[in-house]
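Keep the picture open while you read.

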Amino acid sequence: MSGKLIFQDLSSVPLQPGTLYLVATPIGNMEDITLRAIRTLRDCDLIAAEDTRRTGLLLKRLGLVKQQVSTHKFNEAKRSSDIVSRLNQGETIALVSDAGTPGISDPGLRIVEAVLDADLRVESVPGACALIVALTVSGLSTDEFHFCGFLPVKSGKRASRLSDLLKLPGTLVLYESPYRILKLLNELLEAVPNRQLVLARELTKKFEQIHRGTAEEILGLYLNKKPKGEFVVLIGPATELPMNKPSEDVR
């Protein structure tokens, strides 16, 4: 990807001083970076990155060299005051997570709260978000959905939280790691064996996979292989019509 060629098409509208820009970055496919995101990363004074090494690779592919500062869940509180101070001096700062939209099961909320409390400006530069990608291809109802992020790790809190969520109307959307996805499928098998599920992994990448079916049917797909990658799990409403059969789509 040639940064020089891309930049020829970018707007020359300047960034607004004293603004925190929430910049969505690709969750897999590099073509999902927007022209507006590239312009913001190019023109900002500082990039606050969840992982500067990972963002550094993105910047390299875009042909950019920018100052970065590490901004993750373990230093959000301290970093917030630094960011507010720099914004007060008129700087423009782009906040990015490792992939997707900052603040969606990623660091960002504390910083946004601090910036708004300081009566400073926050602007979203929208783009890729695994939640929306998975929901729109799921085939489940999108009239009402509830995004619940990651379930608690500890068994007691996890069971209580899942029980409460399953009472909600509409489609449920969860994120889950490869280390706990089979545990979640077994929990759903016990709690809602007839609900329609969709598992999405490697979204937007070469080996994107979408599994559809009941918990039992999807568990059968993992009898002889180990789950890999981050998962988006969608749980259909109690009234969702059954799908024809479990499927494994690979794109």
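Start with Thr204, which is buried, with a relative accessible area of 17%. Here buried means under 20% relative accessible area, exposed means over 50%, and partly exposed is in between, using a 1.4 Å probe and protein chains only. Thr204 has a positive phi of about 70° although it is not a glycine. You will find Thr204 in the loop between strand E8 (197-201) and strand E9 (209-213). Helices (H or I, at least four residues) and strands (E, at least two) are DSSP runs, numbered from the N terminus.

Before going on, a word on the source: this is a predicted model, in which local features need pLDDT of at least 70, side-chain atom pairs count only at pLDDT 80 or more, and totals for chains, interfaces and linings use all residues. Residues are numbered from 1 along each chain as its sequence is written, and side-chain values use heavy atoms, with hydrogens and water left out.

Is Asp119 buried or exposed? Asp119 is exposed, with a relative accessible area of 71%.

Thr55 sits in helix H3 (residues 52-61) and is buried, with a relative accessible area of 5%. Which residues does Thr55 touch, not counting those up to four places away in sequence? They are Ile47, Ala49, Gln68 and Val96, where contact means heavy atoms within 4.5 Å. Thr55 and Lys228 are 173 residues apart along the chain, and their C-alpha atoms are separated by 22 Å.

**Helix H7 and its two faces**

In helix H7 (residues 155-165), the buried residues are Arg158, Leu162 and Leu165. Seen down the axis of H7, these residues fall within an arc of 60°, so they line one face of the helix; the arc is that of the directions from the helix axis to the C-beta atoms. On the face of H7 turned away from the buried side, look for the exposed residues Gly156 and Lys157. The cover over the buried residues of H7 includes strand E6 (145-150), strand E7 (171-176) and helix H8 (181-191).

**Two helix pairs**

The table lists how two pairs of helices cross. Axes are lines fitted to C-alpha atoms, for helices over the stretch in contact, and angles run from 0 to 180 degrees between N-to-C directions.

| Pair | Axes come within | Crossing angle |
|---|---|---|
| H4 (residues 76-88) and H5 (residues 109-117) | 9 Å | roughly 40° |
| H7 and H8 | 12 Å | roughly 50° |

H7 is therefore oblique to H8. Angles under 35 degrees count as roughly parallel, over 145 as roughly antiparallel, 65 to 115 as roughly perpendicular and the rest as oblique. In this pair, Ser155, Arg158 and Leu162 of H7 meet Lys183, Leu184, Glu187 and Leu188 of H8.

H4 and H5 are oblique to each other as well. From H4, the contact uses Glu76, Ala77, Ser80, Ile83, Val84 and Leu87, and from H5 it uses Leu109, Arg110, Ile111, Ala114 and Val115.
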